Amino acid sequence: MRNLLHANLYRLGRSLIFWGLLLFNAVYAVIDARMGNSQFLSFTTNTGLVSAVLISFYVGADYSDGTIRNKLASGHRRGDVYLANLLAVLSAMLALNAVFLGGALLAGNSRMNFSELSLELVLSMLVASVGMTAAYCAVFTCVSTVCTRKAVAVLICAVGVLFLSQTSVGIDSALSIPEYYTIPMMMESGEEEYVWTLHPLYVSGVQRTMYQFLLDILPTGQAVQFRCIRPVGELWKLTGYSAALTTGVASLGLFLFRRKDLK
């Protein structure tokens with residue numbers, strides 16, 4: 001599998017899409033930082049769409065160029081081919097994220113004040129972001145491998161991540177509604193007082209538990225949560241969800257690929 005991985009990384013290094021996304025991340029990071037909008041994990045906002053485009057085009061090219069058949073004809077096992085693709089795109093995405101983070105730091109983003117963050121918190125945030133990126137890569141590699149038509153794979157991945165991103169924002173907004181809020185009420189004395197009352201849109205019970213689970217396990221939901229600094233315990237919980245999702249989806253993709261007819 002080492003040779004396959006080296007060949008994949010070499011092909012990525014010659015990919016115009018990869019270099020285009022690298023330039024996009026660098027420029028966007030600098031502009032975002034100069035505008036004062038960037039946070040430490042701001043790159044996670046773009047990770048979903050960037051990975052959807054990169055992976056669907058990269059893996060799809062294996063089918064359109066006939067590369068995947070050549071790999072199998074050369075005696076490589078399907079499992080090695082699949083995992084080499086997954087590791088290659090994960091490496092590429094980590095590089096893209098590093099460029100974004102580095103660009104924001106070099107631009108002198110004043111909101112990235114590391115003196116206020118502990119080393120444990122910074123490391124936990126970085127590990128959680130790697131886990132989220134791995135989950136994205138696992139999902140899009142699975143979709144792009146199962147779907148042999150590159151155009152269809154690109155459409156599914158791009159539209160899917162946009163839909164899930166909006167869904168995650170909606171879930172986060174619903175969970176942010178307070179249980180109680182104050183309303184003005186006229187008392188018998190004629191004075192106006194504010195009274196606490198139950199919010200009619202507050203999500204509770206099983207529904208709240210399910211909403212929180214979806215927000216935690218979906219990489220788009222994690223990206224929404226990374227907009228604010230999270231406690232270390234929550235970050236490790238999100239990392240655990242990412243590891244479970246990555247393992248599950250990668251196993252499913254490998255299972256489907258081994259049974260896929262490539263003739």
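**Reading a predicted model**

Tutor: Buried means under 20% relative accessible area, exposed over 50%, and partly exposed in between, with a 1.4 Å probe and protein chains only. This is a predicted model, in which local features need pLDDT of at least 70 and side-chain atom pairs count only at pLDDT 80 or more, while totals for chains, interfaces and linings use all residues. Residues are numbered from 1 along each chain as its sequence is written, and side-chain values use heavy atoms, with hydrogens and water left out.

Student: Where does I68 lie, and with which residues is I68 in contact?

Tutor: I68 is part of helix 4, residues 67-73. Helices (H or I, at least four residues) and strands (E, at least two) are DSSP runs, numbered from the N terminus. Contact means heavy atoms within 4.5 Å. Leaving aside neighbours within four places in sequence, I68 is in contact with D62, Y63, V81 and F257. By comparison, 30 Å separates the C-alpha atoms of I68 and V99, which are 31 residues apart along the chain.

Student: How many helices and strands are there in the chain?

Tutor: The chain has ten helices and two strands. From the N terminus on, the order of elements is α-α-α-α-α-α-α-β-β-α-α-α. The C-alpha trace spans about 90 × 40 × 30 Å along its principal axes. Of the 263 residues, 44% count as buried. Among contacts with a separation of 6 or more, 76% are between residues 24 or more positions apart.

Student: How should I read a nonpolar core, and which residues have the most contacts inside the largest one?

Tutor: A nonpolar core is a set of buried Ala, Val, Leu, Ile, Met, Phe, Trp, Tyr and Cys residues joined through side-chain atoms within 4.5 Å. The largest here has 44 residues, and L54, L96, M125, C137, F140 and F226 have the most contacts inside it. At least two residues of this core come from each of helix 2, helix 3 (44-64), helix 5 (78-106), helix 6 (119-146), helix 7 (150-175) and helix 10 (232-258). Helix 5 gives the most, with ten residues. A second, separate core of 16 residues includes Y63, A138, C142 and V249.

Student: With which residues is L54 in contact?

Tutor: Apart from neighbours within four places in sequence, L54 is in contact with L12, I17, F18, L21, A92, M93 and L96.

Student: What is a salt bridge, and how many does a search of the whole structure find?

Tutor: A salt bridge is a side-chain nitrogen of Lys or Arg within 4 Å of a carboxyl oxygen of Asp or Glu. The search finds five. D62 forms one with K71, with the closest N and O atoms 3.4 Å apart, and both D62 and K71 are buried. R11, D62 and K71 are linked in a network of salt bridges.

Student: Which parts are tied together by the salt bridge of D216 with K237?

Tutor: In this pair the closest N and O atoms are 3.2 Å apart. D216 lies in helix 8 (residues 205-217) and K237 in helix 10, so the pair ties together parts that are 21 residues apart in sequence. D216 is buried, with a relative accessible area of 3%, whereas K237 is partly exposed at 39%.

Student: Is Q222 buried or exposed?

Tutor: Q222 is buried, because its relative accessibility is 0%. Q222 lies in helix 9, residues 219-225. The side chain of Q222 reaches the backbone oxygen of L238 at 3.1 Å. Leaving aside neighbours within four places in sequence, the residues in contact with Q222 include A128, M132, Y241 and S242.

Student: Which residues make the nonpolar surface patch?

Tutor: Patches are made of residues with over 30% relative accessible area and no salt bridge: like charges are joined within 9 Å, nonpolar side chains (Val, Leu, Ile, Met, Phe, Trp, Tyr) within 5 Å. Accessible areas come from the Shrake-Rupley method with a 1.4 Å probe, and for residues only the protein chains shown count as cover. L23, V27, I31 and M35 make a patch of about 400 Å². L23 lies in helix 2, residues 16-34, and is exposed because its relative accessible area is 56%.

Definitions and conventions:
Polar contact = N/O pair within 3.5 Å; in protein donor to acceptor, adjacent residues only side chain to side chain.
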